[in-house]
Amino acid sequence: MTNEPIMSDTIMRDPIPKSNPSVRIAKPHDSAHMHVSGEAIYGDDIAEPRDLLHTYLRLADRAHARVTRMDLSKVRAAPGVAAVICAQDLAATTNDISPVFPGDVVFVDGGVHFYGQPLFAVAAESREAARRAAMLATIEYEDLPAILSIEDALSANAEVVPKKLWTRGDPDGAIARAPHRLSGRIRMGGQEHFYLEGQNAMAIPQEDGQMLIYSSTQNPSELQHKAAEVLGVPANAVTAENRRMGGGFGGKETQAAWFAVIAAALAQRAKRSVKCRLDRDDDMTITGKRHAFLIDYTVGFDDDGRILGIDFLQAADCGYSPDLSHSVCDRAMAHADNAYFLENVRVESRRCYTNKPSNTAFRGFGGPQGMVGIEEVIEQIARHLRKDPLAVRKINFYGTTERNVTPYGMTVEDNVLDDLVGELEQRIDYAARRRAIAEFNASHPYLKKGMALTPVKFGISFTAKHLNQGGALVLVYLDGSVQLNHGGTEMGQGLHIKVAQVVAEVFGIDLEHIQITPTNTGKVPNTSSTAASAGTDLNAAAAYNAAMKIIDRLKPLVRDHFRIASEHAIEFRDNGVYANGARLASFREVVKLAYMNRISLSAAGFYATPKLEVDELGRGRPFYYFAYGAACTEVVIDTLTGEHRMTRVDIVHDVGKSLNPAIDMGQIEGGFIQGAGWLTSEELCWDAKGRITTHAPSTYKIPACSDLPPHFDVRIFERGDNLEESVYRSKAVGEPPLMLAISVLYALKDAVAAVGGFHRAAVLDAPATPEAVLMAVEEMKRATTPAPRPAHAEPEAATTA
C-alpha cells in the first residue's frame with residue numbers, strides 16, 4: 001500500500017506571498033481569550049447529565065501484598081450507591097488495559113504492587129457518598145517484601161521488560177588504550193506531571209449499548225479501544241472526545257484511559273452517566289511519573305578531552321508494570337550521545353521493576369535522562385583535565401561530513417550545532433562572562449557563581465514506527481467557512497492553532513474562517529497519541545493533504561469556468577482566487593460554484609512519516625530529523641545554606657521555519673522552566689512503607705514565578721530550516737526545549753566546583769535541591785581541604801626565590 005503524496009516541496013518551502021499570510025507568523029493561541037476569561041471548557045466543566053453518578057476509588061495501603069480477603073457487601077448496601085466494580089467484575093472481558101505489554105491492570109487482582117493501587121470503584125449519587133461507602137470495605141492483606149529503589153531492583157534482577165544492549169566498535173579496547181579513564185555514577189529523580197487539570201472522565205451511555213466518553217486524554221483512540229475491550233463491545237460502539245486539556249506532559253498518554261475505563265464500566269453496570277474525577281492527592285498517589293534513572297559510566301579519553309570509548313549502564317525505575325517503559329528506555333539509549341560523536345560505545349538498558357506506580361511518558365520521554373548521563377561524563381572529563389567544559393563539549397560535537405553517525409546507526413544530516421552554539425557563545429560573550437564569574441567568586445567567600453552552556457540534539461518521531469501517522473477531516477461550507485478536525489489533542493501547546501494556520505494557508509483564507517472542533521474518534525479514527533513532539537508534523541500534514549484534495553478539485557472547475565489556460569496559474573490567497581495576478585472571485589463564490597457543480601467540499605487527509613526504518617533492537621533510522629538548541633545558564637549559590645537561584649539564562653533554539661513564533665517561544669520558555677524544576681526543586685519522596693509523601697502542592701515544589709531568572713533571553717535560531725519535507729519546513733518544539741535546562745544542573749555543579757577551585761567535579765545528583773547543594777558544598781570542602789599536619793611534624797622549610 002502506498003501513502004498519500006508527501007506535501008509539495010515548493011509549497012512547503014515557500015508559501016505563496018500574501019497580504020495576510022497564515023503561516024510563519026505569530027498568532028495567539030486559539031483559546032487564549034477563553035483561558036484568561038475562564039470561558040474555556042475543560043472536562044470537569046462539561047454540562048452534567050441529570051442522572052450523573054460520581055466515583056470514588058478505594059486504594060491499597062500496602063506497597064506489596066497479597067489480598068487475602070476483600071468483602072464489599074457493606075459497600076454495595078451503603079446509601080446512594082448505584083454500582084461497585086472490582087477485578088472480578090471484569091473477568092468476563094479484561095482487567096488489563098496495557099498499551100503494549102501485559103501487566104497494566106484496572107484493579108488489583110489478587111496482588112497489590114504499589115501503595116495506592118486501586119482495589120475497586122464505587123459510583124454513587126455524590127462523591128462523598130461514594131467515598132463513605134468505599135471506606136466500609138473489609139480488606140485484609142498478607143504483606144510481601146517490597147522493592148523501592150533501583151539499586152534493590154538491580155540486585156534482585158527485577159525487570160518489567162527484558163534489558164537491551166547496543167554496542168558499536170570496541171568500547172572496552174578503546175577505554176583500555178585511552179590516556180585517561182574515569183568511572184562514575186549519576187542519579188536523576190522522577191518528576192510529577194502536575195498538570196493543572198487533574199485526571200477526569202465522564203461516560204454517558206447511549207442507545208443500543210453505545211458509550212460516549214469525555215476524557216482529559218492525549219490519546220482518544222487508545223482510550224476508545226481499551227474501553228471497548230473492557231466493556232466487551234466493538235470499538236465502533238465507543239466514542240471518545242476531547243476539546244482541550246489543562247496540561248498533559250505525557251501523564252495523559254496512557255494513564256487517562258484508566259479512569260475513563262472505570263467510568264465507562266460503572267456506567268454500563270448502572271445504566272447511568274458516571275464521572276470519575278481524581279482529587280490532587282489521589283492523582284499524585286495513583287499515577288506514574290517521569291522515570292528516575294541511575295546511570296553508571298566508564299569512559300576513556302585523550303589529552304584534549306575527546307571521548308575514545310565509553311560504556312553506559314542506564315537503569316530506569318519503571319514502577320510495577322511495563323506501561324511505556326520499553327519505549328522510554330529505548331529513547332534514553334538513543335540520546336545517550338546527545339550532541340556528541342561516540343565511536344566506540346556500549347549502552348546497556350535495564351528496565352527495573354519496583355513497587356511504585358507504573359512510571360510513564362513525560363515530556364522528553366527518556367531523552368532527558370540519557371542526555372544528563374553524557375553531560376555528566378563531559379563535566380567529569382573537563383574537571384579532570386582542568387579545562388572549560390564548553391571546550392570539551394565542542395571537541396566532541398558531531399561533524400557534518402564525518403564523525404556523523406549515531407550509536408544506533410543513523411547519519412546526522414542536518415547538524416547545525418557549531419553554528420547555533422557559536423551564535424550563542426558570541427552573543428553572550430562567553431569568555432568575558434567566565435572571567436567575570438571568576439572575579440566574583442574570588443571576592444565572595446560565601447556566595448559562588450557558576451555557569452554552563454549545554455547543547456541539545458533531540459530526535460523527532462515516535463520510536464515505534466507504526467505510530468508515525470496522522471489523520472484529519474476538513475469540511476468546507478457554502479459560506480466559505482471551514483470546519484477542521486484532526487487526530488491530535490490540545491493540551492495548551494498550541495497544536496490546534498498551528499493546524500488551523502496550515503489549512504488557512506492552503507485555502508488562502510483568513511484564520512478567522514477556520515473553526516476548530518473537538519478531537520473525536522467518530523471523525524478521525526485510529527489516531528496516535530499527541531506525543532513525541534510529533535503532533536504538528538503528523539496532524540498538520542494530514543490536514544494539509546485533506547485541504548489540498550479540495551483545492552485539487554476546485555482548480556479544474558476554476559480553470560474551465562473562468563477559461564484559464566493552465567491550472568498552474570491559479571492561486572488561492574487573500575480570501576479569493578487569482579490567476580495571472582488578477583482576482584477572479586472570492587473563496588466563498590468559488591465554493592458556491594463547486595456546490596452547484598456537485599463537487600465534494602469535504603476530504604479526509606492522511607500522512608505517514610517517511611524514511612523511518614529500525615531493526616528489532618531499535619537501530620537504524622528511528623527519527624525523521626533532529627531539533628537542536630543551546631542554553632547558557634548562570635546561577636549563584638549560598639554555600640552556607642545551599643540556597644540557589646538562576647540569575648541569567650540565554651537560549652537559542654532551532655524550530656526550523658517556525659509556523660508560529662509566538663507559540664514556539666512559549667514552548668521554549670515553558671519547556672526550559674519545567675526542565676529546571678525537574679533538575680532542581682521537584683523532589684519525589686517515598687517512606688519506608690512505599691507511600692509517596694510528596695503528594696500535594698504543599699509537599700511538592702514546582703517552579704514559581706519568583707524562580708524565573710531576572711535575565712531570560714530566549715531567541716529562535718533565525719537561520720533554522722528543515723532539510724526534510726516537514727510542514728512548511730518547520731520543526732517540532734514540544735519536548736526539545738526541556739533539555740535546555742540541563743544547563744541549570746551543570747551551572748550549579750560549576751558553582752559548587754568553584755568552592756574547591758575547580759580542581760574536581762561536584763558530587764551532585766538531580767534534583768539539586770538546596771539540601772543537595774549544601775551537601776555537595778560540604779563534600780567539596782572536605783575533598784579539597786588539605787589534611788591537618790600532625791602536631792609533632794617538622795615545619796616546612798621556607799622557600800626562597
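The sulfur of C86 lies 16 Å from the closest cysteine sulfur, which belongs to C276, and this is too far for a bond. The model is predicted, and a search of the whole structure finds zero disulfides. C352 likewise is in no disulfide; its nearest cysteine sulfur, that of C318, is 6.5 Å away. A disulfide would need the two sulfur atoms within 2.5 Å. C86 counts as buried, at 5% relative accessibility. C352 is also buried, with a relative accessible area of 1%.

**Overall form**

The protein has 20 helices and 29 strands. Its radius of gyration is 28 Å, close to the 28 Å that the globule rule gives for 801 residues, so the protein is as compact as a globular protein of that length. The C-alpha trace spans about 105 × 75 × 50 Å along the principal axes.

Of the 801 residues, 60% are buried. Among contacts with a separation of 6 or more, 80% are between residues 24 or more positions apart. The accessible surface of the protein comes to about 30,600 Å², and carbon and sulfur atoms hold 52% of that area.

**Backbone features in loops**

| Residue | Phi | Loop | Relative accessibility |
|---|---|---|---|
| D429 | about 55° | between α13 (417-427) and α14 (430-443) | 44% |

D429 is found in a loop that joins two helices, α13 and α14, and counts as partly exposed.

The peptide bond from A766 to P767 is cis, with omega near 10°. P767 lies in the loop between α19 (742-755) and α20 (770-784).

Conventions
Residues are numbered from 1 along each chain as its sequence is written. This is a predicted model: local features need pLDDT of at least 70, side-chain atom pairs count only at pLDDT 80 or more; totals for chains, interfaces and linings use all residues. Side-chain values use heavy atoms; hydrogens and water are left out. Helices (H or I, at least four residues) and strands (E, at least two) are DSSP runs, numbered from the N terminus. The radius of gyration is taken over C-alpha atoms; the globule rule is 2.2 Å times the number of residues to the power 0.38. Buried means under 20% relative accessible area, exposed over 50%, partly exposed in between (1.4 Å probe, protein chains only). Contact means heavy atoms within 4.5 Å. Accessible areas come from the Shrake-Rupley method with a 1.4 Å probe; for residues, only the protein chains shown count as cover.
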